[in-house]
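I wrote them while going through the model.

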Amino acid sequence: MYIASARLRPHPQQRPIVLTAANFLASRAPLRSSHAVAALLVLEDGRYIMQLRDDVPHIWYPGHWGLFGGGVDDREEEVAALRRELREELEIEVNDARLFAIISYDLQPIGLDCYFRRYYEIPVTIAAWNRVVLHEGSDVRALTGDEALSLPHISPYDAFALFLHHHRNRLAGSIYALSPPE
């Protein structure tokens, strides 16, 4: 497995909250639902930049690998939210963001609302990757699609979007589909 890493932010001298899978599942901390954006950060060599989420009980899928991104603030445009999140989390500037997929969640039956998670494909140069500074999360790595999808703990919605992107040529009828053999 080829792993390149970025510079990590300095950690404060406090003990982090450590969640095992059992503690994650048993946590009673409130979770907030909102619209969100996520980045399929694709390096020139095809690897994906992945984040190991902080291991804190008040976020979705703590201690899991996932894609960078976050919530969309009220009256904030989605691409602007994505640019803001990537600047805050990695000190990376986004020039080109192409919408890849939208996953919608209808939580109305349980008294909430309908929410979306929009995935944008963003090309990243190796030079930009080498300048990345991690400010959110406990690790960042550049992994092949197969390596990323084989991680032991990956957030399910990001795993689905990553699988779709990594295997986009298999999506029959899509703009990426390979021509069927004759």
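This is a predicted model: local features need pLDDT of at least 70, side-chain atom pairs count only at pLDDT 80 or more; totals for chains, interfaces and linings use all residues.

Entry 1, strand pairing. I began with strand S7 (residues 98-106), which runs antiparallel to S8 and is joined to S8 by eight bridges; strands here are DSSP runs (E, at least two residues), helices are runs of H or I of at least four, and both are numbered from the N terminus, while two strands pair if DSSP finds at least two bridges between them. Within this pairing I found Ala101 opposite Tyr119 of S8. I then looked up strand S3 (residues 36-43), which pairs with S8 in the parallel sense, also over eight bridges, and there Val42 has Pro123 as its bridge partner in S8.

Residues are numbered from 1 along each chain as its sequence is written, and side-chain values use heavy atoms, with hydrogens and water left out.

My search of the whole structure gave two aromatic pairs, where rings of Phe, Tyr and Trp (its six-membered ring) pair if their centres lie within 6.5 Å, with planes under 30 degrees apart counted as stacked, over 60 as edge-to-face and the rest as tilted. Tyr61 and Tyr157 have ring centres 5.5 Å apart and planes at 80 degrees, so this pair is edge-to-face. Tyr61 lies in the loop between strand S4 (48-52) and strand S5 (65-66) and Tyr157 in helix H5 (residues 156-166), so the pair ties together parts that are 96 residues apart in sequence. Phe100 and Tyr176 form a tilted pair, 6.0 Å centre to centre with 45 degrees between the planes; I place Phe100 in strand S7 and Tyr176 in the segment after H5, 76 residues apart.

I found Glu76 in the loop between strand S6 (68-71) and helix H2 (78-90), and at 18% relative accessibility Glu76 counts as buried. Leaving out residues up to four places away in sequence, I list Gly71, Ala81 and Arg84 as touching Glu76, contact meaning heavy atoms within 4.5 Å.

How values were computed:
Buried means under 20% relative accessible area, exposed over 50%, partly exposed in between (1.4 Å probe, protein chains only).
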